Every structure is written in structure tokens, then in C-alpha cells.
Amino acid sequence: MDQLTRDDRTRLKAALLTVAPWLGAHEVGPRAVDAGPCDACGETPRLLPTCGPAGHEALCPACAEAAGIDAWCDGHHDEGRAALAWAARLPARWADLVVLWWLATGEVRPGATSVPDLHGLPAPITAALRPPPAR
Ligand SMILES: [Zn+2]
Ligand SMILES: [Zn+2]
């Protein structure tokens, strides 16, 4: 995947939202935070905005779970609880899907990130990334 055209990205985004509607959430998930690694572990994608008592702006699900509700201030414990509940329902391949989301939205360019192994991802996603047959 060297280049993604605008059409490629539109197709990929539609496929991702079909297969993983959680990507479209506004309060949490890739739409709620800037693309990039978790502020705490620096490894997995950041997904959950926190309001900072622990000193992190956005956490990956594992770090958010480890920090628990204390990652949010007293005034935002309801939001924190909702975010943690959302994160607990993410599928096993969530991180790969988030990277594809970044590519689909253009937040990250192919080449600036390692493209996930597509093997085993739902068919609509792999189909969206496969070039249309030449005529
Ligand atoms: Zn983390
Ligand atoms: Zn707060």
C-alpha cells in the first residue's frame, strides 16, 4: 500500500465504519483524539481522551484500564466510566483497525506508519484495500 487515492480512502473509511462502527464514536476513539501513540506507554494507539489528573492527554485502552477512573478528574468520572466501558468492548484487532482508520482519514500517510497485517481482518476491509480489477 504505497499510495491511497481519495477514492481508496473513502472506500476504506466506509468499510471500516461498517465493520467497526465503534470507530465512528465522537466522545472516545480515533475521532476524539489526535492520531498517535498512547501518552503513557508510547506503543499502542491513543484512543481515550482523559482530563489529566494522571498527566496524560490520551491513553490506549490498556493504560486507561490500568489507570482506571483516576485518569479522570472528579467532575468527569461519568465520562471516564463510559470511556472505560467502551474500551472494554473493543475487538482483539482494534489497534490494526485504528491504524487503518488513520490511513483512511489521511491523518497518517502510508509510509509514516507500518501498515497492519491485513490477514484475518473482515472481508469488507480487505476488499476496500484491494485495487479494483483492471478493465
Ligand atoms: Zn498505553
Ligand atoms: Zn475532568
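Which helix does Ala83 lie in? Ala83 lies in α3, with helices (H or I, at least four residues) and strands (E, at least two) taken as DSSP runs numbered from the N terminus. This is a predicted model, where local features need pLDDT of at least 70 and side-chain atom pairs count only at pLDDT 80 or more, while totals for chains, interfaces and linings use all residues. Residues are numbered from 1 along each chain as its sequence is written, and chains are lettered from A and ligands numbered from 1 in the order in which they are written.

Ala83 has 26 C-beta neighbours inside 10 Å, so it counts as buried; the cut-offs are 20 or more other C-beta atoms within 10 Å for buried, 12 or fewer for exposed, and partly exposed in between, with C-beta atoms placed from the backbone. Leaving out residues up to four places away in sequence, Ala83 touches Val28, Leu48 and Ala64, a contact being two C-beta atoms, placed from the backbone, within 7 Å. Leu47 sits 36 residues from Ala83 along the chain, yet their C-alpha atoms are separated by 9.3 Å.

Taken over C-alpha atoms, the centres of the two domains are 24 Å apart. Eight residues of domain 1 are in contact with six of domain 2. On the domain 1 side, these are seven nonpolar, no polar and one charged, where Ala, Val, Leu, Ile, Met, Phe, Trp, Tyr, Cys and Pro count as nonpolar, Asp, Glu, Lys and Arg as charged, and the others, Gly among them, as polar.

As for α1, its buried residues are Arg11, Leu12, Ala15 and Leu16. Seen down the helix axis, they fall within an arc of 135°, so they line one face; the arc is that of the directions from the axis to the C-beta atoms. Their cover includes α4 and α5, while Arg6, Asp7 and Thr18 are exposed on the other side of α1.

Note on methods: Domains from an automatic or database assignment.
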